[in-house]
Amino acid sequence: MPAHRLKIGLSACFSHADPSRSLFTNKTLQYVEQSIAHWLMSAGAMVVMVPCPTGETARGDVKLSHYAGWLDGVVMHGGADVWPGSYGEEPLRDAWIGDRIRDLYDLALVEAFAQEGKPIFGVCRGLQLINVAFGGTLYQDIATQHDHPETLQHRDAETYDQNFHEIDIVQGSRLGGLYPGVQRARVNSIHHQAVKGLAPEFDVEAWSVPDHIPEAIRRRGGGRSKGYIAATQWHPEFLKAGGNTLDDMPLLMDFLAACSAAKARTPPPPRSLPGHIRDRAARLLRQALLTRR
């Protein structure tokens with residue numbers, strides 16, 4: 001095995017304990033979706049799911065910070081809604097309550113990698129979670145809350161990953177540099193929540209057309225001092241080569257290049273990020289993760 005292979009963490013999805021489930025009855029499952037693991041592996045990276053270290057079966061002293069120190073970067077997975085309480089709101093409907101347990105885990109995972117200065121890339125929910133982690137807010141439901149005369153249907157349960165719309169890439173942005181000469185492109189759309197208030201120190205790098213919803217974000221100055229943090233609202237891992245959608249590979253190679261650069265640097269000294277990660281998730285995780293509210 002080549003020694004230079006990158007080790008990329010992938011955040012876990014949760015299927016919470018359910019006594020009515022016939023398989024793994026009343027057991028909590030942590031898992032990854034196959035496509036995103038294979039997307040990362042397509043460029044030769046080794047993919048490691050980062051399990052949540054807490055829960056009623058927890059044993060040992062392994063922490064998320066141990067994974068952040070060992071791995072070269074992390075990808076924040078898509079999945080369930082973000083709990084509105086994570087950005088200081090009450091759920092407008094029970095259907096939009098999201099997953100508070102996963103939020104706490106994801107916030108702590110982002111904090112751990114940000115403290116290490118390791119690259120972070122988010123997909124769909126991952127973008128929303130990153131925005132919330134650094135102080136942004138979300139539309140709980142685009143169709144209900146986004147006031148635009150031409151609001152798109154950003155999620156269709158029947159077509160799922162075959163639901164598409166166009167985006168405008170912000171020219172002069174890093175994303176624009178990855179796609180020279182491309183101003184408008186077509187991407188998949190599988191979400192009903194979206195960025196409402198953008199987190200400080202972040203820029204929007206692509207907007208949906210025509211309803212102007214953020215489709216890609218990036219933290220400013222993502223170099224040695226702050227670290228690479230970027231995300232897309234679409235799922236690049238679902239895009240197929242030869243189709244009429246945006247090529248996924250420049251995004252992947254940019255993230256992995258940032259991971260290689262971070263790996264080559266002298267590790268930064270441990271540092272805290274007071275106030276940067278919502279609710280100081282790493283310190284709340286141990287107490288709060290066992291109880292769903």
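Reader: How many bridges join E1 to strand E4 (residues 46–50), and in which sense do they run, parallel or antiparallel?

Author: The model is a predicted one. Five bridges join E1 to E4, and the two strands run parallel. Strands count as paired if there are at least two bridges between them, so E1 and E4 are a pair. Within E4, Met49 is the bridge partner of Leu10.

Reader: What makes E1 and E5 a pair?

Author: Three bridges in the parallel sense link E1 and E5, and at least two are required. On the E5 side, Leu10 has Val75 as its bridge partner.

Reader: Why is strand E1 (residues 7–11) called mostly covered?

Author: Five of its five residues are buried, where buried means under 20% relative accessible area. Lys7, Gly9 and Ser11 point one way from E1, whereas Ile8 and Leu10 point the other way, and all are buried.

Reader: Which strands are joined to E6 by bridges?

Author: E5 (residues 73–76) is joined to E6 by three bridges, and E13 (residues 229–232) by four. Both pairings are parallel. Gly122 of E6 is the bridge partner of Met76, and its partner in E13 is Ala231. From E6 (residues 120–123), Ile120 and Gly122 point one way and Phe121 and Val123 the other, all of them buried.

Reader: What makes E5, helix H3 and E6 a right-handed unit?

Author: They form a β-α-β unit that is right-handed. The term applies because, with the strands pointing away from the viewer, the path from the first strand over the helix to the second runs clockwise.

Reader: How do you know that the length of H3 agrees with its number of residues?

Author: At 1.5 Å a residue, the 17 residues of H3 should span 24 Å, and the end C-alpha atoms are 25 Å apart, so the two agree.

Reader: Why is H3 described as largely enclosed?

Author: Of its 17 residues, 15 are buried, so the rest of the structure largely encloses H3.

Note on methods:
Residues are numbered from 1 along each chain as its sequence is written. This is a predicted model: local features need pLDDT of at least 70, side-chain atom pairs count only at pLDDT 80 or more; totals for chains, interfaces and linings use all residues. Side-chain values use heavy atoms; hydrogens and water are left out. Buried means under 20% relative accessible area, exposed over 50%, partly exposed in between (1.4 Å probe, protein chains only). The expected span of a helix is 1.5 Å times one less than its number of residues.
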